Amino acid sequence: MNDTPVVDGSLVALLRADLTAAGFTVDGVAERLGSVASDALHREQPLPALLATESSVTSVDDACGVLVRLFTLGRPVRASALGAALPSLGVDGAVRLGLVRLEGGRAGFAADRWAPPERDVVATCDLRPYGDDAHDWWVASDLSELVVGGPLRPDHVLGIGGASTTLASWTVRRPADRALDLGTGCGVQALHLTGHVGAIVATDISERALAYAGFNLALAASEGAGAVPDVRLLLGDLLDPVAGQQFSLVVSNPPFVITPRDEGVPLYEYRDGGRAGDTLVRSLVRQVGSVLEPGGVAQFLGNWEVTAGRTWRDVWGDWLDEQARDGVALDAWVIQRESQDPAEYAELWARDGGAQPGSEAHSMMYAAWLRDFASRGVEQVGFGVVTLQRPATDRATWRSLDEAHGPVAAPMGPAVDAGLRARTWLAEHSDDGVLDVAWSCAPDVTEERHGVPGAEDPSVILVRQGGGLGRVVRAGTLLAAYLGVADGDLTARAALDAIATVLGLDAAEVHAEVLPQVRDLVADGLLV
């Protein structure tokens, strides 16, 4: 039984051809399973998909169903069924790649004659389709806890998950010369980087993760010559493998989970970087500027602890002050997406890895998490997306610490890119510069007016952003009046002066009230 898949160029090319021909793609699997089973599988409920593929165990004319049953659901199929599903690679080729193993045989009768035993095939890894608007990829990883049926190995290599898809959605997709995927895992972020980056370095502390990433990148590259750039895989912790190098873009889904250092609590490489508390994320904030070229951007996910009497913005203020003092000064845009109390956090991660709620192991880990948080006075744990940028010019850095708990645009990368550019422009221009621009409301901005029945004027005016972060801003009379004429014809100065004249107000006072609001709306893309 192979520990990880093997990269064999000729066999990998045959595998890709067979997977494509079988319709084993994101769309193909969704069509084969149907919406109910597909949606259930996304919720990690395999039973509907198992029922939908029952006939695939022995089928020689349901290639997609056979592959779903074997590689996604982790159930055995007959060797003849897999051979028909992978006609170019064959069962032997799949064994040689380390994707499957053969098990004992089953004898029976066929056409009133004794048939020789036929062997079953069992997957040794999870292999499932993945992609974006321009690519069909496949991602191999270790078998999930649903298949293993128990605790995972400490060096488990995680497949596609909510965190990896979140980071991929939020990543800025500017063309870049060099990019770093720090903590690549099975290589999901590296796959996305191949679409807009010339040279890629992917690092991890896990040799097994790098082996999986290498296989997945080889499978993507087998599409044809020049399909993806070369990716250099390096073993090491955080930024140690790339010390002294610089990159246009750094992305990371690091092992940010806050894990107690108690005996008996499993430490998984994919979620725990060997550090107590939120030290890993804090270290990344402090160090990442050293590998960013001027104008370079770093984006990563993280958790952060908030102790009694403090807010999450206090925590990040300290981290960024420390970063500016000890390293390269960076712009910072941190968006907190959710916050959990210690019990909620413990419940989430004590279940991860296969421990069942109510079991002795689960209760022990739950208690360990609560004790660990109590020892540091932690009252909340924040989660969010961090975007840091090294200024391209000699200017003061900016900070934006925001919350967005609701739905956001998908993908978010274009909105993040626009937000970086807008905030950078604002940092480089004075209030006079802002007033001299003829701003327009973005096309996705709408206005809502709420009032008491029969009232002449509305009591509440809400300005709502349809895309991006989905901002909702409560507008006063002056801001609402300005947005009503912000169509790109008048500069902000001319419009605000006209509003002051109509309302009989002092123009300077109107500027003083509305200008900070205009800056906020420009930063978030409501004014363009």
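In this predicted model, 8 strands make up an open sheet with mixed pairing. Reading across the sheet, the order is E8-E7-E6-E9-E10-E12-E11-E13. The edges are strand E8, residues 231-235, and strand E13, residues 399-403. Each of these has a single partner strand, so one side of each is left without a neighbour in the sheet. From one strand to the next, the twist averages 20 degrees.

Now to one pair inside that sheet. Strand E11 covers residues 331-340 and strand E12 covers residues 378-389. E11 and E12 pair in the antiparallel sense, over 9 bridges. If you want a place to look, take Val-334: its bridge partner in E12 is Val-386.

Next, which helices lie on these strands? Helix H16, residues 413-427, packs on the sheet and touches E10, E11, E12 and E13. The direction of H16 makes about 135 degrees with that of E11. Helix H12, residues 279-287, lies across strand E6 (176-182), strand E9 (247-252), strand E10 (292-307) and E12. Relative to E10, H12 runs at about 155 degrees.

On to a helix pair. Two packed helices are described by the angle between their axes and the distance between the axes. For helix H14 (residues 342-351) and helix H15 (residues 360-375), the axes come within 9 Å and cross at roughly 140 degrees. Why call them oblique and not roughly antiparallel? The antiparallel label is for angles over 145 degrees, and H14 and H15 are therefore oblique to each other. The crossing of H14 with H15 is right-handed.

Which residues make that contact? From H14 the list is Pro-342, Ala-343, Tyr-345, Ala-346, Glu-347, Trp-349, Ala-350 and Arg-351. They meet His-362, Met-365, Tyr-366, Trp-369, Leu-370 and Phe-373 in H15. By class, the residues of this contact are 11 nonpolar, 1 polar and 2 charged.

Last, another sheet. Here 3 strands form an open sheet in the order E14-E15-E16, and the pairing is antiparallel. Strand E14, residues 445-450, and strand E16, residues 472-474, are the edge strands, each pairing on one side only. Ignoring direction, neighbouring strands of this sheet are turned by 25 degrees against each other on average. Strand E15, residues 460-465, pairs with E16 in the antiparallel sense over 3 bridges. Within that pairing, Leu-462 has Arg-474 of E16 as its bridge partner.

That is what I have for today.

Definitions and conventions: Residues are numbered from 1 along each chain as its sequence is written. This is a predicted model: local features need pLDDT of at least 70, side-chain atom pairs count only at pLDDT 80 or more; totals for chains, interfaces and linings use all residues. Side-chain values use heavy atoms; hydrogens and water are left out. Axes are lines fitted to C-alpha atoms, for helices over the stretch in contact, and angles run from 0 to 180 degrees between N-to-C directions. Helices (H or I, at least four residues) and strands (E, at least two) are DSSP runs, numbered from the N terminus. Angles under 35 degrees count as roughly parallel, over 145 as roughly antiparallel, 65 to 115 as roughly perpendicular and the rest as oblique. A crossing is left-handed if the near helix is turned anticlockwise from the far one by less than a right angle, and right-handed if clockwise. Contact means heavy atoms within 4.5 Å. Ala, Val, Leu, Ile, Met, Phe, Trp, Tyr, Cys and Pro count as nonpolar, Asp, Glu, Lys and Arg as charged, and the others, Gly among them, as polar. Two strands pair if DSSP finds at least two bridges between them.
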